[in-house]
Amino acid sequence: MLLWDRSAAVSFGPRCRLNEGIKVIGLRIAFEIEKTSESLVPNTGRISIYNLHPKHWAMLESGERSLAVILEAGYGGNLEELFVGDIKKAALSSEDTKNVASVTVTSQGPDTVTIIEAASGSKAMEAIIDKSYAEGTDLKIPAIDLVQTMRDTGGIMINGVLDFLRTGSFAPKKAQTGLVLSGSSALHLDNLTGALGLEWSIQDNDMQMMTAGGKTTEEAVLLTPKTGLIGSPVRREEGIEFTALIQPKIRPGRAVRIESARVTGNYRVNKAKFTGDTHDNAWYVTAEAK
């Protein structure tokens, strides 16, 4: 595995039409991304772009509310999605610091820095439902309705989630009385999946669902000193904490295979923090796994 010649790219634009947006590559890009498997806590990203061309500010200045950002990272020309989120705040850092739409701009020496703050699936978290179900209804049915309202409101992907709810090998459960769902779809989904022994989260604009404490069906990411593992993982009360060179495939819910002098085994990632700078030393992920 070649883990040098690191690079990154940032794309931003209308959430439903990102292909019509702007892609930035070749400039200095720094970022902090925090991801968690907790369902009601959106993953967050803070992305800094150095010396972004002023013409690219037109989109950020448009005031359009539904702007999204994609951060890609990797090595050489091999870039993978590391973060996808709804832009919450963006700013330009210059001598005249200003806040436009959801972006900040400031200056650091001779550089002008555009700072974008975003959250993954934050629009989906705003989804509302108002629906009732008869006594004896299989709880899978309202769970499916809730997922669909979050997709329709937030434009998230739900690849595989509906099939999992319809055909997954978990114990069915029926409503003991009539069921009324009114208000936050995310909160109701959290309650229903808890009753079904499931968990969900939104990772990079894609909802994932699995049995509680389970993992995705993807192949485990192998982490050894030769594949980016830095030092030895530290044992914690709830598992381990490890540091590695950035690999976008490492994310909450996915398994990693650790092979080091002190720790060897399979673990599920619960939290991950990515810190990177294309023009500085930072380029690593610190994760908690169990």
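Asp277 is buried, at 8% relative accessibility (buried is under 20% relative accessible area, exposed over 50%, partly exposed in between, with a 1.4 Å probe and protein chains only). This is a predicted model: local features need pLDDT of at least 70, side-chain atom pairs count only at pLDDT 80 or more, and totals for chains, interfaces and linings use all residues. Residues are numbered from 1 along each chain as its sequence is written, and side-chain values use heavy atoms, with hydrogens and water left out.

**Salt bridges**

- The whole structure holds 15 salt bridges (a side-chain nitrogen of Lys or Arg within 4 Å of a carboxyl oxygen of Asp or Glu).
- One of them pairs Arg28 with Asp277, at 2.7 Å from N to O.
- Arg28 sits in the loop between strands E2 (22–25) and E3 (29–36), and Asp277 in strand E17 (residues 264–277), so the bridge ties together parts 249 residues apart in sequence (strands, E, are DSSP runs of at least two residues and helices, H or I, of at least four, numbered from the N terminus).
- Arg28 is partly exposed, at 23% relative accessibility.
- Another bridge joins Arg166 and Asp163, at 4.0 Å from N to O.
- Both residues belong to helix H3 (residues 161–167), three residues apart, or about one turn of the helix.
- Arg166 is partly exposed, with a relative accessible area of 47%.

- Glu218 bridges to Arg254, with 3.5 Å between the closest N and O atoms.
- Glu218 lies in the loop between strands E12 (206–211) and E13 (221–223), and Arg254 in the loop between strands E15 (239–245) and E16 (255–259), so this pair links parts 36 residues apart in sequence.
- Glu218 is partly exposed, at 27% relative accessible area, whereas Arg254 is buried, at 10%.
- A network of salt bridges links Glu218, Arg251 and Arg254.

**Largest pocket**

- The largest pocket holds about 440 Å³ of space (a pocket is an open set of points, on a 1 Å grid over the protein atoms alone, where a 1.4 Å probe fits, with protein on both sides within 12 Å along at least five of seven lines; lining residues have an atom within 4 Å of a point).
- Of its 22 lining residues, Asp206, Gln208, Thr216, Glu218 and Arg251 are the closest to the centre.
- Strand E6 (78–94), H3 and E12 each supply at least two lining residues.
- E12 gives the most, with five.
- By class, the lining has seven nonpolar, six polar and nine charged residues (nonpolar: Ala, Val, Leu, Ile, Met, Phe, Trp, Tyr, Cys and Pro; charged: Asp, Glu, Lys and Arg; polar: the others, Gly among them).

How values were computed
Points joined across faces, edges and corners; volume = space filled by probe spheres on them.
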